[in-house]
Structure formats: C-alpha cells, structure tokens
Amino acid sequence: MSTDTERQAVSEWMDDVDLHRVKRKNRLFHLVLVGASLFGVVVLAFLIVDVILDTLIGVVVFEIDVGTFLTQTASSDWASAGFLGAMIGSAWLLVFTLLFSFFLGVGTAVYLEEYAPDNRTTTLIEANLTNLAGVPSVVYGLLALGVFVNAMRMGPILIAGALALALLVTPIVIVASQEALRAVPDGVRNGSLATGATQWQTIRGVVLPSAMPGIVTGTILALARAIGETAPLLMVGTVWGLRHHPGPFDRFGAMPTQIYEWAFLPEVELQYLAAMGIAVLMTILLAMYGVAFFVRNRYERSY
C-alpha cells in the first residue's frame, strides 16, 4: 500500500515538473560552460600568436641576434642586450625554491596523512593549507619583504627571493603530496605492516615510492608557477637590467622582472626584446609541463 502511495506521489511530482524547461536550462548551462572555456582558449591562442609574431619581427625586421640575446646580460644598447643574467637568476631561484619547499612540503604531507589524528585540528590545518594555495602572490612578497629582507636583515638577495617563492609554492606541494599519498591503497600499507615492518619503514619503503610520481609531478607544476611569478620578486627587490651573473648572496634579476622592465620602457625595440623573453619563458614552462606529464604517465602506478 505504501509503495502505491509513493508511486502516486512521484507521478504527481513528475506531472508538476516541466521537463522541457529543465532540459533547456541544462543545455543553456552547458553552452555557457563551453563558451567560457572556448573564450579562455581563444584569448590564450591570440596572446601566443602575438608573442610569436613580435618575436619574428624582432629577429627579422630589427635584426636582433638570438645568440647574443641568449648569451649576453642586459645592456643600455638594445642591440647587444641579452637575457642570460635573468635566466641564471631564475635558475638559481628554482634550485633554492625546490630545496626550501620540497622537503618541508613532503614532510608535512606525510605527517598529516600518516601520523596526525583525524580530528578538528587536522581538518582546520588542511583547510588553511588549501586556502594558502590560493593566496595572491603579492601577499607572500610583502611577507618576505617584512620578514626576510627587513627583520632578518638579509637584504634584497637571491636567497630572500627564493624564500618568498618557497612560501608561495609550499602549500601547493603539500596539497599535491597529500593527494598522491591518499592515492596509495590502504591494502599496500597493511600488507607491509603485516610482514612486521614498522610504520616508518612502511612509509619509507612502500608508501613514498608508490606516491613519488604524483609528488614529483605536483612539485614540478608548483615550480612552473613560481618561475613565472613577478610580484614577490618585485617586493623583495630584484635588479632591473642585470649586468652580471648573480650568485645566491647577490642582488639578482629574473626572467619575469626583466620582461616587465622591457615591456614598460618607451623604446620600441625593447618591446620586441620583451616578446623574445616571453618566448623563452614560455618554452621553459612548456618543457617543465612536459616533464611533469612524462613523469606522471611513465611512473604512475595503477592499483
């Protein structure tokens, strides 16, 4: 009897619902999502084409030598200006950002996933980490300026810039590492523990090797974001027009800040130098993304 009543209630509810109207709303929502996605892709394509065209104009029309551009440092003469100092500065930044963020990020993820109790405190920490991953980069730059450059009196050196970028990417590394650790089935852990291994031996010998492809992929993608950041480096005090090869304790420049300088100077030739710098930066970013996808597809395990 109750079943017949339920069926009757469902039938009456279906009669009241305009299915054609619901389908129209679903189609409209789908079209809006597709349109928004296509808009972003089209704008990105136009920007890439514009950069490529400006690069070709710089090389063909203004006869900017690619070899000189890649092997010389900045100069007041646009014809002999190069990008090497900024490239070396960005390479140093990536190395130290990796050192400062990788071990801290992976260690934090291991603690939260393998050791921390499942309580409100842990949930609050994880929620804050997710929020920190979305904080604007200029906030981290201001924090690095106040703490590392001024309070700790490090000055505007390359290490301070790397610490600013490490603050930016460490939450991303933690979240990516947590997801990689969660992807390892509990059966793998239990099997190791059943053989008599301790929890740390299980983590070190079984869990981390299984999760490492995901951890490495997330770390590379985080570094790819860091290499293109400009605001934190401007806050720390990068040098524009760097004319030397920086070391860890020197004033430094980076690719994004050098591009920023060229793009806002009035000389027309410098606009094409900026386009060539963007092309170099895009090439490096695509290479990093390619490495990340290769590592994920080549070494990721399926359970």
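**Charge, rings and a nonpolar patch**

Reply: Arginine 24 is partly exposed, as its relative accessible area is 48% (buried is under 20%, exposed over 50%, partly exposed in between, with a 1.4 Å probe and protein chains only). This is a predicted model: local features need pLDDT of at least 70, side-chain atom pairs count only at pLDDT 80 or more, and totals for chains, interfaces and linings use all residues. Residues are numbered from 1 along each chain as its sequence is written, and side-chain values use heavy atoms, leaving out hydrogens and water.

Arginine 24 sits in helix α2, residues 19-60 (helices are DSSP runs of H or I with at least four residues, strands are E runs of at least two, numbered from the N terminus). Arg21, Lys23, Arg24, Lys25 and Arg27 form a positive surface patch. Patch residues have over 30% relative accessible area and no salt bridge; like charges join within 9 Å, nonpolar side chains (Val, Leu, Ile, Met, Phe, Trp, Tyr) within 5 Å. Areas use the Shrake-Rupley method with a 1.4 Å probe, and for residues only the protein chains shown count as cover. A salt bridge puts a Lys or Arg side-chain nitrogen within 4 Å of an Asp or Glu carboxyl oxygen. Lys and Arg count as positive, Asp and Glu as negative, and His and the chain ends are not counted. Charges are placed at NZ of Lys, CZ of Arg, CG of Asp or CD of Glu.

A nonpolar surface patch is made by Val59, Val60, Val61, Val66 and Leu70, about 390 Å² in area. α2 and α3 each give it two or more residues. Valine 61 lies in the loop between α2 and α3. Valine 61 is exposed, at 58% relative accessibility.

Now the rings. The whole structure holds 9 aromatic pairs (Phe, Tyr and six-membered Trp rings with centres within 6.5 Å; planes under 30 degrees apart are stacked, over 60 edge-to-face, the rest tilted). Phenylalanine 62 and tryptophan 78 make an edge-to-face pair, 6.3 Å centre to centre with 85 degrees between the planes. Phenylalanine 62 is in the loop between α2 and α3 (66-71) and tryptophan 78 in the loop between α3 and α4 (84-115), so the pair ties together parts 16 residues apart in sequence. Phenylalanine 62 is partly exposed at 23%. Tryptophan 78 is partly exposed at 26%.

Tyrosine 260 and phenylalanine 264 form a tilted pair, 4.9 Å centre to centre and 45 degrees between the planes. They are 4 residues apart in helix α11 (residues 255-264), so about one helical turn separates them. Phenylalanine 264 is exposed at 62%. Ring pairs also link Phe62, Trp78 and Tyr272 into a cluster.
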